[in-house]
Amino acid sequence: MDSYKNVIHFSTDQGCLIMNHIKGSMSPFILLFSLFLWFPTTVCAEQILAAIITADLPRYEQAHETMLKILSAGGFDQSKLKVFLQKPNADKMSLANSLRRCEAAGATLVVTYGSQATQVAQQELKNTPLLFADVYDPVSLGVVKSLQAPGSNATGAVSKTDLGQLVDQLLKIKQVKKVGVLYTKGETGSEQQLAELKARAQLAGISVVEEDAKNPEEAVALGQKLAEQCEALFLTESVSVAQKALEILRNATAKKCLTFSQIPGLVKEGALLGLEADVEEQGKLVAVYSLQVLMGQKAHILPVQLAKKISLNINTTVAANLGLTIPQDVATAAKLQN
């Protein structure tokens, strides 16, 4: 690729276009970015953005596409930025190999989607900045020291939602006494959600049955087993669970088992109830940080961004199939989907 040495100046029109793309993000963050737009910066054409989309999951793809649109609007189209895309399996060896390929390709920065890829990236990357999206709790993962001061060459966007609020809404719909949980041991984000669910269930007097899904096929079989044993089924952010979510959810509904989750987009796929961070917002937040890092900003001084667009979602078709009537206060607080 030929070297590119021109200086790119952001015009007012360009700034407005990008701001339209990131509409809905946090106002202080927008202010920071709008100020950043006015400073011309030298941009090298040979910069490479490497991205890890674990298991080709649709929500990661959606966030990634959103990010690319904003990068293009910000002056980093295909003529100025090479995107090196990897779609490894969720196991640590596959992720580590993909990350090593990213560094070997000379990546300017690496973008990861999801907790599993992000944790492995933090361990594998030497000097390459890491930006992440759709990560449940990066502090507990050990990726950053704190949200305000990451303390490492990594930052990004968090997709964590209030599990207590989700359980409260579930209990308003039905007073369940036994909940099954599908998770994957070794996926820290999945384990975090399991631990939080168990703590909240204990307070509510709910018994929990947990099953470790080591692969997608096992996730289906264990989901079927839990749906037969329990009144409700909680799906953690396990990649194996997400890969077979449609089948797991369909089987659970057939068994008249309520399903709920914090996984973005799962209610559309057939969960009854979800408290979900907006997928496109995750892509927008990481896009703005990508622009800043590509133009010379250090990742470690950028605070981790919390999800602002969070919605309680209910699938009305699933509710009808389960013979459930959604209480008015829950329906009023939720986005109803079918």
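These are questions and answers on how features of this predicted model get their labels.

Me: What makes Thr-66 count as buried or exposed?
Reply: Thr-66 has a relative accessible area of 12%. Buried means under 20%. Therefore Thr-66 is buried.

Me: Where is Thr-66, and which residues does Thr-66 touch?
Reply: Thr-66 belongs to helix α3, residues 58–73. Leaving out residues up to four places away in sequence, Thr-66 touches Glu-280, Gly-283 and Lys-284.

Me: Why is Glu-124 called buried?
Reply: The relative accessible area of Glu-124 is 19%. The cut-off is under 20%. Glu-124 therefore counts as buried.

Me: Which residues does Glu-124 touch?
Reply: Glu-124 sits in helix α5. Its contacts are Ala-96, Leu-99, Arg-100 and Glu-103, with residues up to four places away in sequence not counted.

Me: Why is α5 described as largely enclosed?
Reply: Eight of the ten residues of α5 are buried, so the rest of the structure largely encloses this helix. Among the buried ones are Ser-115, Thr-118, Val-120 and Glu-124.

Me: What do the buried residues of α5 pack against?
Reply: They pack against β3 (47–53), α4 (92–104), β5, β6, α6 (138–141) and α8 (188–204).

Me: Why is strand β6 also called largely enclosed?
Reply: Six of the six residues of β6 (residues 130–135) are buried, so the rest of the structure largely encloses this strand.

Me: How do you know that β5 and β6 pair?
Reply: Pairing needs at least two bridges. Four bridges join β5 (residues 109–113) to β6, so the two strands pair. They run parallel. Val-111 stands opposite Leu-131 in β6.

Me: What makes β5, α5 and β6 a unit, and of which hand?
Reply: β5, helix α5 (residues 115–124) and β6 make a β-α-β unit, and the unit is right-handed. Right-handed means that, with the strands pointing away from the viewer, the path from the first strand over the helix to the second runs clockwise.

Me: How do you know that β6 pairs with β7?
Reply: The cut-off is at least two bridges. Four bridges join β6 to β7 (residues 154–158), so they pair, and they run parallel. Phe-132 has Gly-156 in β7 as its bridge partner.

Me: What makes β7 mostly covered?
Reply: Five of the five residues of β7 are buried.

Me: How many bridges join β7 to β13, and what follows?
Reply: Two bridges join β7 to β13 (residues 305–306). The rule asks for at least two, so these strands pair. They run parallel. Val-158 stands opposite Leu-306 in β13.

Me: What makes β9 and β15 edge strands?
Reply: Consider the open sheet of seven strands, in the order β9-β8-β10-β11-β12-β14-β15. Its pairing is mixed. β9 (207–212) and β15 (335–337) each pair on one side only. On average, neighbouring strands of this sheet are turned by 25° against each other, direction ignored.

Me: How do you know that β8 and β10 pair?
Reply: Four bridges link β8 (residues 178–183) to β10 in the parallel sense. At least two are needed, so β8 and β10 pair. Leu-182 has Leu-235 in β10 as its bridge partner. Helix α11 (residues 245–254) packs on the sheet and touches β8, β10 and β11. The direction of α11 makes about 170° with that of β10.

Me: Why is the pair of Phe-234 and Phe-260 called tilted?
Reply: The centres lie 5.0 Å apart. A pair needs centres within 6.5 Å, so these rings pair. The planes make 40°. Stacked needs under 30 degrees and edge-to-face over 60, so this pair is tilted.

Me: What makes this a link between distant parts of the chain?
Reply: Phe-234 is in β10 (residues 232–235) and Phe-260 is in β11 (residues 258–261), 26 residues apart. Phe-234 and Phe-260 are buried.

Me: Which residues touch the most other members of the largest nonpolar core?
Reply: They are Val-179, Leu-197, Phe-260, Leu-272 and Leu-273, in a core of 31 residues. Helix α7 (residues 163–173) gives the most to this core, with six residues. Apart from it lies another core, of 30 residues, including Tyr-60 and Val-111.

Note on methods. Residues are numbered from 1 along each chain as its sequence is written. This is a predicted model: local features need pLDDT of at least 70, side-chain atom pairs count only at pLDDT 80 or more; totals for chains, interfaces and linings use all residues. Side-chain values use heavy atoms; hydrogens and water are left out. Rings of Phe, Tyr and Trp (its six-membered ring) pair if their centres lie within 6.5 Å; planes under 30 degrees apart count as stacked, over 60 as edge-to-face and the rest as tilted. Buried means under 20% relative accessible area, exposed over 50%, partly exposed in between (1.4 Å probe, protein chains only). A nonpolar core is a set of buried Ala, Val, Leu, Ile, Met, Phe, Trp, Tyr and Cys residues joined through side-chain atoms within 4.5 Å. Contact means heavy atoms within 4.5 Å. Axes are lines fitted to C-alpha atoms, for helices over the stretch in contact, and angles run from 0 to 180 degrees between N-to-C directions.
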